[in-house]
Protein chains: 2
Amino acid sequence: MARRPGVYHCGTDAAMDVIGGRWKVLVLWALGERPHRFGELRRALDGLSEKVLASHLREMEEDGLVHREDFDEVPPRVEYSLTSRGVSLNEALEPLGAWGREHVLNRAPTG
Amino acid sequence: MARRPGVYHCGTDAAMDVIGGRWKVLVLWALGERPHRFGELRRALDGLSEKVLASHLREMEEDGLVHREDFDEVPPRVEYSLTSRGVSLNEALEPLGAWGREHVLNRAPTG
């Protein structure tokens, strides 16, 4: 992992660097439900460009969060799923998700 | 709170938007230990400019995470502390911190 050893103040800080923004959280969340093909992820994460999604998936693979399986079929089928490490990060994010639901989503103006 | 209602995919996503990067996590973490004066925070968070810290604290105050107390003394004394909402966000970040300690910090090369 090409991270920044020695510059972290705490574990949360270090974890945030691995997550690196909202999109990876959403990828984790989608893959936490079930494995997805690239096109499915694209559709699930509207607003995320194909290029950025591909780069995020590559980084998440390098970080050992995501497993990429090429089924070697015609037409080509490639599926992305969470590794056990990805599952554990997803689980660690759950309380944060609950906080967001309670304190942000439920307070946002509707309509 | 000037957030983006309707654009969130899940609670974690919404919470990440409130956190908005690594520095706010570090502010939460420092204030979670005890109230800090501005200068103390500055010293605790080396690498963060005075301007950015001031703007982060202002946003965190608006988001109801941080309480700013002006003691009206000479010389001026202003202290920042966590609100109950800030405490709850800090607690929600704990599992993520544990994950980062286990999976990132303990894997980083030493020296």
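I take helices (H or I, at least four residues) and strands (E, at least two) as DSSP runs numbered from the N terminus, and I call two strands paired if DSSP finds at least two bridges between them.

Residues are numbered from 1 along each chain as its sequence is written, while chains are lettered from A and ligands numbered from 1 in the order in which they are written. The model is predicted, with local features needing pLDDT of at least 70 and side-chain atom pairs counting only at pLDDT 80 or more, whereas totals for chains, interfaces and linings use all residues.

**Entry 1: confidence and layout**

I noted an ipTM of 0.81 and a pTM of 0.79 from the predictor for the complex. I counted five helices and three strands in chain A, and along the sequence they follow the pattern α-α-β-α-α-β-β-α. Of the 111 residues of chain A, 34% count as buried, where buried stands for 20 or more other C-beta atoms within 10 Å of the residue's own, exposed for 12 or fewer, and partly exposed for anything in between, with C-beta atoms placed from the backbone. I also looked at contacts, defined by C-beta atoms, placed from the backbone, within 7 Å of each other; among those in chain A with a separation of 6 or more, 47% link residues 24 or more positions apart.

**Entry 2: the sheets**

In what order do the three strands of the open sheet of chain B lie? I read the order as 1-3-2, with antiparallel pairing. Strand 1 (36-37) and strand 2 (66-70) of chain B are the edge strands, each pairing on one side only. Strand 2 and strand 3 (residues 78-82) of chain B are joined by five bridges in the antiparallel sense, and along this pairing I found Glu69(B) opposite Glu79(B). Strand 1 of chain B is antiparallel to strand 3 of chain B and is joined to that strand by two bridges, with Glu79(B) as the bridge partner of Arg37(B). In chain A I again read an open sheet of three strands in the order 1-3-2, paired antiparallel. There the edge strands are strand 1 (36-37) and strand 2 of chain A, and Arg37(A) stands opposite Glu79(A) in strand 3 of chain A.

**Entry 3: helix 1 of chain B**

Why is helix 1 of chain B largely enclosed by the rest of the structure? I found that eight of the nine residues of this helix (residues 11-19) are buried, so the rest of the structure largely encloses it. Among the buried residues are Gly11(B), Asp13(B), Met16(B) and Ile19(B). Their cover includes helix 2 (22-33) and helix 5 (84-103) of chain A, together with helix 2 (22-33) of chain B. After the helix comes Gly20(B), whose phi is positive, near 65°.

The buried residues of helix 5 of chain A include Leu89(A), Pro95(A) and Trp99(A), and part of what covers the buried residues is helix 1 and helix 5 (84-103) of chain B.

Of its 48 residues, Ala15(A) and Ala15(B) touch the most other members. Neighbours within four places in sequence aside, Ala15(A) is in contact with Leu96(B), Gly97(B), Trp99(B), Gly100(B) and Val104(B).

Most residues other than glycine have a negative phi, and most peptide bonds are trans. In the loop between strand 2 and strand 3 of chain A I found Asp72(A), with phi near 55°, a positive value. Asp72(A) counts as exposed because it has 8 C-beta neighbours inside 10 Å. Pro75(A) lies in the loop between strand 2 and strand 3 of chain A and is joined to Val74(A) by a cis peptide bond with omega about -5°. In chain B, a cis peptide bond with omega about -5° joins Val74(B) and Pro75(B), and Asp72(B) has a positive phi of about 55°.

Note on methods
Two residues are in contact if their C-beta atoms, placed from the backbone, lie within 7 Å. A nonpolar core is a set of buried Ala, Val, Leu, Ile, Met, Phe, Trp, Tyr and Cys residues joined through C-beta atoms within 7 Å.
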